[in-house]
There are 2 protein chains.
Amino acid sequence: MGQPILAAAGFQPALGWVGQASACQRYTSMNGLLTDLYELTMAAGYFDAGKAAEKATFEFTLRRLPPQRNFVLAAGLAQVVDYLLNLSFTADEISYLRGLAQFRLAPGAFFDYLRQFRFTGDVFAAPEGTPLFPGEPFLTIRAPIIEAQIPETYVLSMVAFQSMIASKAARTVEAAAGRDVVEFGTRRAHTPEAGVLGARAAYIGGCAGTSNTLAGYRFGIPVMGTAGHSWVMSFCGEKEAFRQLQRVLGEASVQLIDTYEPLEGARLAAQGGSPLAGVRLDSGDFLVLSRQVREILDAAGLSEARIMASGDLDEYRIRDLVKAGAPIDAFGVGTQLATSADAPNLNAVYKLVELEISGIHRYTAKYSEDKPSYPGAKQVFRDAARDVIARSGECGKGEALLRPVILGGRLVEPLPTLGQARQRAAECLSKLPPALRQLETGEPWPVIFSRELRELIERTRHNLLG
Amino acid sequence: MGQPILAAAGFQPALGWVGQASACQRYTSMNGLLTDLYELTMAAGYFDAGKAAEKATFEFTLRRLPPQRNFVLAAGLAQVVDYLLNLSFTADEISYLRGLAQFRLAPGAFFDYLRQFRFTGDVFAAPEGTPLFPGEPFLTIRAPIIEAQIPETYVLSMVAFQSMIASKAARTVEAAAGRDVVEFGTRRAHTPEAGVLGARAAYIGGCAGTSNTLAGYRFGIPVMGTAGHSWVMSFCGEKEAFRQLQRVLGEASVQLIDTYEPLEGARLAAQGGSPLAGVRLDSGDFLVLSRQVREILDAAGLSEARIMASGDLDEYRIRDLVKAGAPIDAFGVGTQLATSADAPNLNAVYKLVELEISGIHRYTAKYSEDKPSYPGAKQVFRDAARDVIARSGECGKGEALLRPVILGGRLVEPLPTLGQARQRAAECLSKLPPALRQLETGEPWPVIFSRELRELIERTRHNLLG
């Protein structure tokens, strides 16, 4: 039971294919327009208003956690970096913008500016895999205001999506209590490309691997999977289907036994003998079936053969199966993980917090009733007891979570590998109070503002609202 | 009130940029691996078992509707066609596969086969914009079994996602009762690319346009949007921000008035006078505020200026606002639409239903307890009273919903334009009983099996289970 089904099945990372750079190349000639139109009309307006040289600081934060979450794991930074380092506009894209009614009054020099556009600013961010809480910046972009404004849409979508999936994965992995969780959800993801990036995020959150082959190729994530129902149905009988699978997969064979009748399927798989990594149940009562299947396999001397379950699983069902002692060695999780179905979006914002005009700093905030934002560039200090959101440049106790990633348009140092991000998530989560790692909502992690930040908030409110 | 805000604001489709072909080019060299690994290990197994020449028919259907839906609008076919017509494997991709443990036993000739791979089969599908019901094929792929198996993951994700978003959009547009609904959700979408394709689906479902610029560029969808809070905050005071917006957007100016205090914002916008397309509220009590803002605008002689609302809107809130007579001319809908938050996935399957081996047809089905599938290639006939799911080749009453799209690996005729798909959705929906177009769950549309199909189901069950 202890040995993971997937190692037994010969699954392994595809070494030599690790790398985050390949993902970005696809956007190189097409990323300028991958944003909301108003980012671009505002860009034209900033340009027209003579604000192109003003330096703006925007930060990505969560307004609140979804009711079912105790933390959110930061993820998606690598794609944001790819995006920023490649952000540009082709002649065709500029020509498209010029044809829109909204750009009829934009100055011609603005389009020349777009032609030369590249990101020259700074990015500070918490490393991928860091658990964060409402109000804490996941990342901060400081750049000439147009360069910092245009990325808003991409940053919000990419960071919120991957962080959401990484967090769901962490819960699911926690519920599995040491059994493997494999991400099976591309078919349910919001586009196949979201499946690729969701697999990446799920791996950061602790999944053992993914069914998504492109995620394996592009990011070096272990890829897993064996056969589906169509495989079984395409042969005249399960016996022949199982035999042919062993022929082509050998020790990696995991037989899918529920196409017709799962116990009969288990008996036929057992009769087929070795090589057999295991069997997979994809429907029915997993607790009852897994016990019966375990007996069948053991009686046939196949005690090394593992049992995998998949189909409508989430962290709650997995926890219940594990608690009930179901002899299931690995869980394949699709829909619920790939769409974070119980919390399919995060309340994330990307807000202007500071402007620097000719060396003078001006702090900005939004004091509207239900959607406030807080002024000034920030840092977060975490010690064993709490987080302190401070002003950037303050000294504080514990780990400073935000680190320089891009300075002056250049990557400061190579990003952590995906494996390192996954390791960081595991380490950071192990330091959180156990109540926050459980599935139920626990006492929130204490997050406070520093005195300096509180003063800035009050001063800014006074300046803006009088 | 009657005139749509967005026409007034000078929004218009970007003519000359309509086209579905550009989307596919990005996948040309990278789509072979955009699938679950088991599709590829099954492919190796089919090849190894001598089944490469067997012709398989797979169909995409829904097992059931989400509880909050009365229909699902088919969407995503154009991307599936792009994918299939470009499906191929690069040398690097093949070399990646060869390095995986799961392909250690695969015959060398299989990799030669992949090198030459292209889709040579047939696709039959309901046109985009067709409302469909559980059990009805959205599309059917008939091809040599490997060519039909590999697309499973892509087809499930792409068609389910776009169909889900189109359906959510149709509900939202219905609730708006003639007022414009604009898709604002890319920042909440599950990756920015999902935002682009979600915008496409939302347009099919009846949205007036999108905030996503790339969706405008790539698909010719009207793009909309004006300015965000950072615009307002970047100036010293709303008055200056509003003036500068008018300078750059002219008649397309829609002022965002809730950064500090919405009524004061409305008064400042009104003082700015013309040109002014309208104002946007992004927080607060929309019913109360929209009435007060309407008075302020009217009192300033700006009765032509429109009011747009955005922020946490869905079909239910829109319906309530419309019923209460809120003077809101357009709704910007983000999170709920872009993630279909109340039903963020569809229970879709892609099942093998028929095999043809040397001219002999063999019918396949899955009779597992909770996840059955039904044998044989199918057609759906729709008349004014019901749908009949029949065997392919049967004659029936009404419209035959499934039409040939690709035959022998070639597109039969150009696909309908996106505008035509949107038109089809509107026409088909207008023919459904009113109870099914409402937000609440209504009496299901009658869908029955033809006698011939029922007989095939029984015969196949008997053959498979005895």
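In what order do the seven strands of the open sheet in chain B run? The order is E13-E12-E1-E5-E3-E17-E18, and the pairing is antiparallel. Strands here are DSSP runs (E, at least two residues) and helices are too (H or I, at least four), numbered from the N terminus; two strands pair if DSSP finds at least two bridges between them.

Keep in mind that this is a predicted model, where local features need pLDDT of at least 70 and side-chain atom pairs count only at pLDDT 80 or more, while totals for chains, interfaces and linings use all residues. Residues are numbered from 1 along each chain as its sequence is written, with chains lettered from A and ligands numbered from 1 in the order in which they are written.

Back to the sheet: E13 and E18 of chain B sit at its edges with a single partner strand each, so one side of each has no neighbour in the sheet. Further in, E3 and E5 of chain B pair in the antiparallel sense over four bridges, and B:Asp122 stands opposite B:Arg142 in E5(B).

| Strand of chain B | Residues |
|---|---|
| E3 | residues 122–125 |
| E5 | residues 139–144 |
| E13 | residues 360–363 |
| E18 | residues 410–411 |

Now for chain A. Its domain 1 covers 5–12 + 172–338 and its domain 2 covers 22–162 + 345–465, with bounds from an automatic or database domain assignment. Taken over C-alpha atoms, the centres of these two domains of chain A are 38 Å apart.
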